[in-house]
Amino acid sequence: MATAIKVDDLPKTEVQAAQRPAPKMSARKVNLWYGQKQALFDVDLDVAKNSVVALIGPSGCGKSTFLRCLNRMNDTIDGCRVEGDIRLDGRDIYDRSVDVVQLRRQVGMVFQKPNPFPKSIYENVAYGPRIHGLAANKAEFDEIVETSLKGAGLWNEVADRLSQPGNSLSGGQQQRLCIARAIAVAPDVILMDEPCSALDPIATAKIEELIDELRQHFTICIVTHNMQQAARVSQKTAFFHLGKLIEFGDTDQIFTNPKQQMTQDYITGRFG
Amino acid sequence: MSMSESGPIKKHLVRAYDDDIEQITRLITEMGAIVEQQVAFATQALAEGDEHAARTVIDRDPQVDALEERLDQTAIRVLAIRQPMAIDLRIIAMALKISNDLERMGDYAVNIAKRVIRLQSQTRIRPIPTMVMMSEMCQEMVKDILDAYIARDPDKAMAVWKRDQEVDNAHNSVFRELLTYMLEDPRKITPCIDLIFIAKNLERIGDHATNIAEKIHYMIHGHEINRSRDDEQ
């Protein structure tokens with residue numbers, strides 16, 4: 001195995017350095033194929049630091065595919081080929097020297113269905129910091145677990161039962177546990193793929209509230225089918241259709257006065 | 001350039017949603033048709049001293065209020081169940097505001113009618129031609145702004161918006177004329193004051209027509225009208 005270099009260690013390009021303010025993540029001319037079938041076409045998109053970007057669009061439009069490009073989750077899919085330029089803090093994440101494990105620490109992910117490990121609540125959160133060597137002793141682990149669970153708005157509900165299995169929690173709590181697990185490794189960016197689609201309205205509201213708080217410390221990119229949710233939680237919204245980025249703009253503008261007919265048709269329920 | 005200018009609006013996937021929006025548009029149209037008639041009757045009452053026309057205006061006012069109430073209820077329901085976005089949201093939000101303008105116009109027509117009735121029992125004074133002309137201008141504006149609303153035509157709306165200046169000019173000229181009459185003959189002061197109020201009401205009707213023009217513009221384009229009218233006073 002080649003010597004792994006952290007993404008942080010790669011030199012910034014001059015073009016990226018000249019941009020102000022530099023986006024946290026940037027994608028340029030991203031094309032993606034699943035075997036012969038092209039799934040993304042020339043996608044250009046910037047994600048600003050400490051902002052929430054929502055990706056919306058009908059099923060199969062490429063929004064989740066694009067999201068998974070941002071931490072190279074597509075690498076695990078056979079026959080998947082990515083072209084183009086995706087950068088985190090100006091550094092190419094597809095550079096051969098990038099350690100994908102490190103990249104995924106920096107760019108964490110929360111999935112549609114809560115997927116806690118079959119371990120205790122404590123271990124679910126401590127697992128990431130342990131494999132990345134982020135804590136030296138029990139006290140430090142305890143602190144990370146507490147801070148992360150607090151950050152995910154779950155601490156008050158689980159503080160007295162940290163040794164119980166993670167999957168003994170309710171769906172909404174499990175999803176917040178997954179968010180705690182994601183933030184425990186101190187990522188820069190959190191990717192969320194339909195994080196609320198399996199949750200009831202109250203659990204959804206808690207996650208939405210949480211997203212707004214998490215924005216203070218992290219940069220968030222969220223895929224959602226719930227357009228009201230996209231409108232509520234994000235500052236920028238990207239509308240995808242058939243693998244193309246149709247419109248990208250301020251969320252307020254996209255939902256009150258979209259520029260593209262196709263965006264309007266989709267968000268007002270005229271698509272088909 | 002907003003995309004909403006590029007053609008007719010497509011149907012929703014849920015047909016009942018189209019029916020909802022249509023119902024809102026229809027209520028505004030219906031309300032507007034009555035208000036237009038109210039202004040027309042008020043004009044007739046003023047021009048011909050027609051007390052019957054004046055009483056008709058007063059009697060019909062509750063119809064306007066009832067329609068406004070129905071529109072409010074419908075719009076609130078649609079907002080709650082459809083959570084409209086973009087053009088739909090703008091249509092519904094602007095309908096709420098336009099109905100408010102129409103309701104005020106209706107009230108001004110009633111005020112005019114009441115003053116006309118009072119004028120009949122006082123020293124007879126010939127209605128000033130400028131005032132009748134002003135009243136007809138307002139009536140035309142109301143009619144044209146409703147046509148612009150039904151056609152969703154921001155250009156037509158803008159044309160009405162620009163005409164408000166003529167009403168304002170007529171208002172000023174009516175005011176000066178009535179002032180002269182009052183100076184000539186103090187017995188004319190009371191009826192002239194009534195006429196001044198009528199002129200003011202007409203001028204306000206014109207203002208509300210321009211408000212509606214601005215709302216049609218916003219509804220279609222999604223941004224405010226450029227308010228700087230060079231000949232603004």
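How many residues does the contact take from chain A and from chain B? In this predicted model, for which local features need pLDDT of at least 70 and side-chain atom pairs count only at pLDDT 80 or more, while totals for chains, interfaces and linings use all residues, the contact takes 17 residues from chain A and 17 residues from chain B, two residues being in contact if their C-beta atoms, placed from the backbone, lie within 7 Å. Residues are numbered from 1 along each chain as its sequence is written, and chains are lettered from A and ligands numbered from 1 in the order in which they are written. On the side of chain A that touches chain B, helix 9 (227-233), helix 10 (251-256) and helix 11 (261-267) each supply at least two residues, and the largest share, four residues, comes from helix 11.

Chain A contains eleven helices and ten strands, assigned as DSSP runs numbered from the N terminus (helices H or I, at least four residues; strands E, at least two). Of the 272 residues in chain A, 46% are buried, that is, have 20 or more other C-beta atoms within 10 Å of their own C-beta atom, with C-beta atoms placed from the backbone. Among contacts in chain A between residues at least 6 apart in sequence, those joining residues at least 24 apart make up 69%.

In chain B, the buried residues of helix 5 include B:Trp161, B:Arg163, B:Asp164 and B:His171, and the buried residues of this helix pack against helix 4 (129-151) and helix 6 (189-221) of chain B.

Note on methods:
Buried ≥ 20, exposed ≤ 12 C-beta atoms within 10 Å, placed from the backbone.
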